[in-house]
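The following exercises concern the protein shown below.

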Amino acid sequence: MINTKKFLQILWILGSGLIVIACNTKVKEPSTNIFAGLHYAPTIFDNPIIKYDTQDPTNKVGDIIYTADPAAMTADNRVYLYTGHDEQALGVKDYRMYDYRLWTSTDMISSENKGIVLRYSDFPWARGDKKTGNA
């Protein structure tokens with residue numbers, strides 16, 4: 001007959017060991033990465049909602065736009081998505097943000113770009129120059 005308490009202790013130890021091993025596994029970067037150490041904005045990304053800075057950002061191709069920290073609201077069967085608009089600062093790893101954007105949708109398949117709704121200059125404490133945009 002198996003002692004249930006002892007069996008559960010052994011199971012717990014083995015499971016914990018597997019978790020520790022799995023969490024400590026490092027993913028090796030490919031040695032052929034010619035861009036290692038360089039800081040370029042990605043040209044391919046998987047944002048399924050807002051991809052491009054066009055009138056229909058989901059379906060119409062245009063300039064890539066980077067959005068962050070979305071806040072969604074709904075009213076009258078319309079979704080309003082407010083996002084930050086990140087731009088990569090030149091010569092550094094960081095991003096800057098000069099404005100907030102608004103996107104709307106009635107079907108969650110296509111979106112409409114409503115443009116800039118707030119700028120850093122709307123806040124007396126925010127700064128904006130070539131390296132800093134802290135909206």
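**Exercise 1.** Which residue of β2 is the bridge partner of tyrosine 66?

*Solution.* Some conventions come first. The model is predicted, so local features need pLDDT of at least 70 and side-chain atom pairs count only at pLDDT 80 or more, while totals for chains, interfaces and linings use all residues. Residues are numbered from 1 along each chain as its sequence is written, and side-chain values use heavy atoms, with hydrogens and water left out.

Step 1. Strands of a sheet pair through backbone hydrogen bonds, either parallel or antiparallel. Two strands count as paired if DSSP finds at least two bridges between them.

Step 2. The strands β1 and β2 run antiparallel and are joined by eight bridges.

Step 3. The partner of tyrosine 66 in β2 is aspartate 86. Another pair of the two strands places alanine 72 opposite leucine 81 in β2.

Step 4. β1 and β2 form a hairpin with two residues between them. In that turn, aspartate 76 has a positive phi of about 50°.

**Exercise 2.** State which elements the protein contains, and describe how the strands are arranged in the sheet.

*Solution.* Step 1. Elements are DSSP runs numbered from the N terminus: helices are H or I with at least four residues, and strands are E with at least two. The protein has one helix and four strands, and from the N terminus on they run α-β-β-β-β.

Step 1. The four strands form an open sheet in the order β1-β2-β3-β4, with antiparallel pairing. β1 (66-75) and β4 (112-119) stand at the edges with a single partner strand each, so one side of each has no neighbour in the sheet. From one strand to the next, the twist averages 25°; for such angles, axes are lines fitted to C-alpha atoms (for helices over the stretch in contact), and angles run from 0 to 180 degrees between N-to-C directions.

Step 2. β3 and β4 are antiparallel and are joined by six bridges, and leucine 102 stands opposite glycine 115 in β4. Their hairpin has six residues between the strands, and methionine 108 in the turn has a positive phi of about 60°.

**Exercise 3.** Find the salt bridges, and decide whether the residues that form them are buried or partly exposed.

*Solution.* Step 1. A salt bridge is a side-chain nitrogen of Lys or Arg within 4 Å of a carboxyl oxygen of Asp or Glu. By this rule there are three. Buried means under 20% relative accessible area, exposed over 50%, and partly exposed in between (1.4 Å probe, protein chains only).

Step 1. Arginine 101 meets aspartate 53 at 3.1 Å, N to O. This pair links distant parts of the chain: arginine 101 is in strand β3, and aspartate 53, 48 residues apart from it, is in the loop between α1 (4-23) and β1. Arginine 101 is buried, with a relative accessible area of 8%, whereas aspartate 53 is partly exposed at 32%.

Step 2. Arginine 101 also forms a salt bridge with aspartate 99 (3.1 Å, N to O), and both of these residues are buried.

Step 3. Glutamate 112 and lysine 114 form a salt bridge at 3.2 Å, N to O. Glutamate 112 is partly exposed at 31%, and lysine 114 is partly exposed at 43%.

**Exercise 4.** How many residues of β1 are buried, and what share of the protein's residues counts as buried?

*Solution.* Step 1. One of the ten residues of β1 is buried, so the strand lies largely in the open.

Step 1. Of the 135 residues of the protein, 21% count as buried. Isoleucine 50, in the loop between α1 and β1, is buried, with a relative accessible area of 1%.

Step 2. The C-alpha atoms of isoleucine 50 and asparagine 113 are separated by 9.1 Å, although these residues are 63 residues apart along the chain.

**Exercise 5.** Which kinds of residue line the largest pocket?

*Solution.* Step 1. On a 1 Å grid over the protein atoms alone, a pocket is an open set of points where a 1.4 Å probe fits, with protein on both sides within 12 Å along at least five of seven lines; lining residues have an atom within 4 Å of a point.

Step 1. The lining has 13 residues, and those nearest the centre are Ile49, Leu81, Ser105, Met108 and Ser111. The elements that give two or more residues to this lining are β2 (78-88) and β3 (95-105).

Step 2. The lining residues divide into eight nonpolar, five polar and no charged. Here Ala, Val, Leu, Ile, Met, Phe, Trp, Tyr, Cys and Pro count as nonpolar, Asp, Glu, Lys and Arg as charged, and the others, Gly among them, as polar.
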